[in-house]
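Let us read a structure together, one feature at a time, by question and answer.

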Amino acid sequence: MKGVTLPTETVFVMEMSPIKFGLGATDEIGYDARRLGIRKALLVSDRHLAELGLPERIVGLLGEQGVKAEVYDGVEIEPTDRSIEEAAEYARTKEFDGLVAVGGGSTIDTCKAVNLLTCHPAPLLDYVNKPVGRGVPVPGALKPLIAVPTTAGTGSETTAVAVAHIVDQHVKAGVSNRLLRPALGVVDPLNTLTAPPEVTAAAGCDILTHAIESYTTRPFDARPKHHPPDRPAYIGANPASDVWCEKAIEYVGRYLRRAFLNGLDLDARLHLALAANYAGIGFGNAGVHVPHAVAYPIAGLVHDFVPPGYRTRHPLVPHGMSVILPAPAVFRFTYPSAPERHLRAAELLGAPVAGLSEADRREALPQALIALMRDVGMPDGLRGVGYSEHDVPALIEGTLRQPRLLSGAPRTIGASELDRILRDAMRYS
Ligand SMILES: [Fe+2]
């Protein structure tokens with residue numbers, strides 16, 4: 001019988017890294033590295049964690065199982081194409097058959113890129129998504145990479161994406177390919193206990209935007225039909241990604257304030273680590289949209305904002321902050337595309353939603369986000385990180401260079417819509 005051909009997509013895919021989760025999961029890393037065939041590892045981390053001793057501890061655990069490891073601790077917060085090329089140059093002088101990333105999203109993304117650039121040497125920009133880079137597909141398999149996150153945020157241990165700040169173009173952009181996915185994520189909430197409150201807050205806001213963006217992105221079955229080889233990693237909201245995202249939103253609503261106020265609250269740390277991973281699985285398949293697209297120029301065009309709590313003297317807007325700042329304004333704009341989903345997200349964050357007027361229903365999610373942002377010390381809009389109305393044209397231009405992310409928006413969006421959103425996002429109170 002001849003099959004029925006529908007004009008829109010009918011198939012979705014769920015891919016994720018295998019995950020080992022739990023208090024003390026790190027202790028088993030030697031066993032896991034051996035199991036994955038690693039005998040000589042390159043451990044990628046940053047100087048701050050090196051001072052705290054975690055990379056050294058992991059080198060010891062690997063050594064107990066006969067896995068040699070060499071440490072590279074030069075990862076920068078919010079890595080640039082240059083810092084990644086530097087790390088890859090260092091790695092090319094070493095011999096290794098697997099990688100271990102120990103750190104936050106910056107470290108895991110750098111490690112993914114180092115894996116790519118050492119297995120298939122080429123300038124990073126060749127692999128970066130168009131139009132910022134050339135969008136060359138990853139040519140083949142990479143070495144096994146074990147990701148050990150030390151923040152509850154990016155979910156990078158399960159995603160197929162690595163993001164970098166492209167210095168010359170003043171923009172952030174990603175490489176995305178399923179071959180970048182770590183062979184294993186070791187999610188041990190004990191590793192997040194050292195994250196300071198400000199880092200905990202920004203990372204938690206990143207979890208939340210991953211989850212809500214994936215929950216509200218254009219559904220997979222409202223997109224064009226793909227041939228299997230052309231089906232992108234981000235396929236749109238679907239019944240499976242919804243499950244992961246709903247739980248992630250709920251946990252951030254319930255535990256982020258607690259972890260921010262008391263970093264040693266183990267129960268809160270554990271649930272946020274779960275939430276980061278769940279949201280990573282959700283967005284790693286459904287995809288993010290406008291807040292992440294706007295966030296890239298927000299981070300890339302930073303004037304002189306130096307975030308408190310981060311070990312940097314350079315101006316930077318932490319990723320989690322750059323995505324949450326435009327989020328209330330974006331979800332005001334996307335509300336009509338799926339009112340029930342926006343309301344459900346607000347409810348999962350703990351906002352009362354029964355018996356609201358239509359005007360209050362529209363505002364439920366933006367207000368729930370604004371309240372959470374205030375409670376965890378996020379600035380009150382883009383003005384708080386040094387932007388003003390004068391910056392709007394440049395921010396729009398930078399956002400329009402993220403067509404891959406904008407295509408996930410549930411409503412048509414162009415320069416005039418972005419203008420409205422960015423002006424709305426300048427200040428919330
Ligand atoms: Fe993110």
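The dialogue below takes up the metal site, a helix and its cap, and the cysteines.

Q: What should I know about the model and its numbering before I start?
A: This is a predicted model, in which local features need pLDDT of at least 70 and side-chain atom pairs count only at pLDDT 80 or more, while totals for chains, interfaces and linings use all residues. Residues are numbered from 1 along each chain as its sequence is written, and side-chain values use heavy atoms, with hydrogens and water left out.

Q: Which residues are the protein donors of the iron ion?
A: Donors are N, O and S atoms within 2.8 Å of the metal (3.2 Å for Na, K and Ca), and water is not among the atoms, so sites may look incomplete. Here the protein donors are Asp 206 through OD and His 210, His 292 and His 319 through NE2, lying 2.2 Å from the iron ion. Their spacing in sequence is D-x3-H-x81-H-x26-H. Among them, His 210 in helix α7 (residues 197-216) and His 319 in helix α11 (residues 319-324) are 109 residues apart and link distant parts of the chain.

Q: Are His 210 and His 319 buried or exposed?
A: Buried means under 20% relative accessible area and exposed over 50%, with partly exposed in between (1.4 Å probe, protein chains only). His 210 is buried at 2%, and His 319 is buried at 15%.

Q: How many residues does helix α8 have, and where does α8 bend?
A: Helices (H or I, at least four residues) are DSSP runs, numbered from the N terminus. Helix α8, residues 239-261, has 23 residues and reaches 34 Å from its first C-alpha to its last, close to the 33 Å expected at 1.5 Å a residue, where the expected span is 1.5 Å times one less than the number of residues. The bend at a residue is the angle between axes fitted to the seven residues ending there and the seven starting there, and α8 bends by about 45 degrees at Tyr 255.

Q: Which residue caps the N-terminal end of α8?
A: Asn 238, in the loop between α7 and α8, caps that end, with a side-chain oxygen 3.0 Å from the backbone nitrogen of Ala 240. The Asn 238 side chain also reaches the backbone nitrogen of Ser 241 at 2.9 Å, and Asn 238 is buried, with a relative accessible area of 1%.

Q: How many disulfides are there?
A: A disulfide is a pair of cysteine sulfur atoms within 2.5 Å, and by this rule the count is zero. For Cys 205, the nearest cysteine sulfur is that of Cys 245, 16 Å away. Cys 205 is buried at 1% relative accessible area, and Cys 245 is buried at 0%.

Methods
Helices (H or I, at least four residues) and strands (E, at least two) are DSSP runs, numbered from the N terminus. A polar contact is a pair of N or O atoms within 3.5 Å; within protein, one must be able to donate a hydrogen and the other to accept it, and residues adjacent in sequence count only if both atoms are side-chain atoms.
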